[in-house]
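Biologist: Please show the sequence and the structure, and then let us discuss them in turn.

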Amino acid sequence: MLWNIIKKQGLIFFRNPQELLLLIALPMVLITILGTALSGFMEAGSSPITVKIALIENESEPEQVDRFLHEIEKELPPNVLVGIEENINQSMPITALKEVFTDESMKDFVELDYVNPSDRDKVLKDNTYTSIIEVPKNFTYELLKYIVLGESEQPSLKINLNEGSHVGAGIVNNILTQFQDQLSLGVFLDKNGIDPSVIAVSNETVVGKMTTIDEKGSISSQAYYSIGMVVMNVLYIAGSIGSHAFREKRSNVFDRIIISDVSGWVYFIGVLLSGTIFAFMQTIIVFTFSWLVFGIVWPDLIAFFATTLAFSFSVGGLAVLLSAISYRINSVSITSFFSSVVVTLLSVLGGSFFPIGDFLPFFQAIGNITPNGASMSAYISILRGDSLLDIGDHLIFLLLFAFSLVIVAALCFPKRRISK
């Protein structure tokens with residue numbers, strides 16, 4: 001009898017091609033659109049933030065260095081002068097700052113423009129610049145006098161930050177703060193005669209093996225949205241089965257099952273298994289599409305199938321709970337509310353549309369206590385190389401969630417006397 005109930009549910013799906021198309025084709029279309037359109041933002045290789053910096057030098061730094069050396073020739077002993085001349089290249093702050101902004105690690109998101117002082121007013125009105133750094137006249141000259149001779153006051157740069165680009169301006173500010181800290185540290189070491197190598201840590205001085213902790217591989221936007229759309233759209237299976245079950249109550253199918261001396265619990269278990277089996281089938285079909293079209297390969301098939309089975313079981317639990325509540329309140333409104341509101345809310349919290357948990361840890365914690373969110377975290381972990389043991393907490397949650405729903409549904413499921 002169980003097989004007949006499951007077969008009946010399958011025939012209902014196949015006789016409704018519009019619903020079947022939405023459950024199978026819709027996630028495929030969404031994966032293709034979102035995975036392609038948002039690939040530039042999701043891929044780890046490209047940065048969505050571009051920092052554009054204008055550097056205005058009011059006087060050539062090499063000329064200031066030459067003027068400083070010329071002035072101290074008669075004031076310092078020859079041996080001291082030779083030492084200063086040998087290390088002067090390391091004391092050119094603007095040259096060092098340029099090297100920081102043009103470093104290989106920053107070329108993907110930092111654009112440095114050298115601006116003529118005559119174009120200063122024009123650049124200040126240009127909102128495309130994240131920051132404008134202006135180097136006053138005699139900056140390097142006065143800084144050398146401050147560092148080497150202890151004379152003059154410490155000079156400062158003029159920084160103009162674009163208030164409309166908070167993130168970019170914050171990045172520039174952090175870079176300049178770290179640069180200033182390094183420069184101050186160098187001055188301190190030089191004045192106190194401390195060899196910089198004393199505080200530097202070399203890999204050769206570290207005893208033992210250096211390893212990277214918790215280094216995970218990145219996943220493509222197509223892989224991310226394949227998972228996101230699957231765990232979202234599979235939830236609609238629960239709503240569909242709940243609606244089908246209530247229509248069967250309205251058409252007295254449930255009553256005829258009772259009259260035929262078949263226990264209502266057989267029907268209950270049949271709904272649970274139908275939700276689990278069809279959720280599993282939908283998941284496999286859509287992930288097969290992702291494999292064929294986008295080449296998304298699962299490194300651990302055992303972990304993949306275990307996650308899919310646990311998630312499908314939780315969807316089966318949702319299906320039987322929605323069916324039981326619909327029978328109890330004699331209305332299909334609960335399944336409609338679930339499909340139109342609850343699924344969307346769960347999808348947002350679970351990260352189907354955007355990895356919100358990466359920016360707001362609180363939502364990550366909430367998302368992981370939803371069936372789709374826990375499944376998504378497990379799937380992503382598998383793609384990043386985690387094993388079955390590593391995702392055990394997500395699988396345990398899914399199984400406990402499913403068992404809890406089944407127990408609640410059993411308590412709500414109508415008995416023979418209230419089947420009408």
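Modeller: Asn138 counts as partly exposed because its relative accessibility is 27%; buried means under 20% relative accessible area, exposed over 50%, and partly exposed in between (1.4 Å probe, protein chains only). This is a predicted model, in which local features need pLDDT of at least 70 and side-chain atom pairs count only at pLDDT 80 or more, whereas totals for chains, interfaces and linings use all residues. Residues are numbered from 1 along each chain as its sequence is written, and side-chain values use heavy atoms, with hydrogens and water left out.

Biologist: Where is Asn138 found?

Modeller: Asn138 is not a glycine, although it has a positive phi of about 65°. Helices (H or I, at least four residues) and strands (E, at least two) are DSSP runs, numbered from the N terminus. In those terms, Asn138 is found in the loop between β3 (131-135) and α8 (139-149).

Biologist: Is β3 largely enclosed or exposed, and why?

Modeller: In a regular strand the side chains alternate between the two faces of the sheet. Ser131, Ile133 and Val135 point one way from β3, Ile132 and Glu134 point the other way, and all are buried. Because five of the five residues of β3 are buried, the strand is largely enclosed by the rest of the structure.

Biologist: Which residue stands opposite Ile132 in β4?

Modeller: Two strands pair if DSSP finds at least two bridges between them. Strand β1 (residues 51-57) runs parallel to β3 and is joined to it by five bridges, with Ser131 of β3 as the bridge partner of Ile53. Strand β4 (residues 158-161) pairs with β3 in the antiparallel sense over four bridges. There, the residue opposite Ile132 is Asn160.

Biologist: How far apart are the end C-alpha atoms of helix α10?

Modeller: Helix α10 (residues 221-233) is mostly covered, with 13 of its 13 residues buried. The expected span of a helix is 1.5 Å times one less than its number of residues. For the 13 residues of α10 the span should therefore be 18 Å, and the separation of the end C-alpha atoms agrees, at 18 Å.

Biologist: How many residues does the protein have?

Modeller: The protein has 18 helices and four strands. Buried residues make up 42% of its residues, which number 420.
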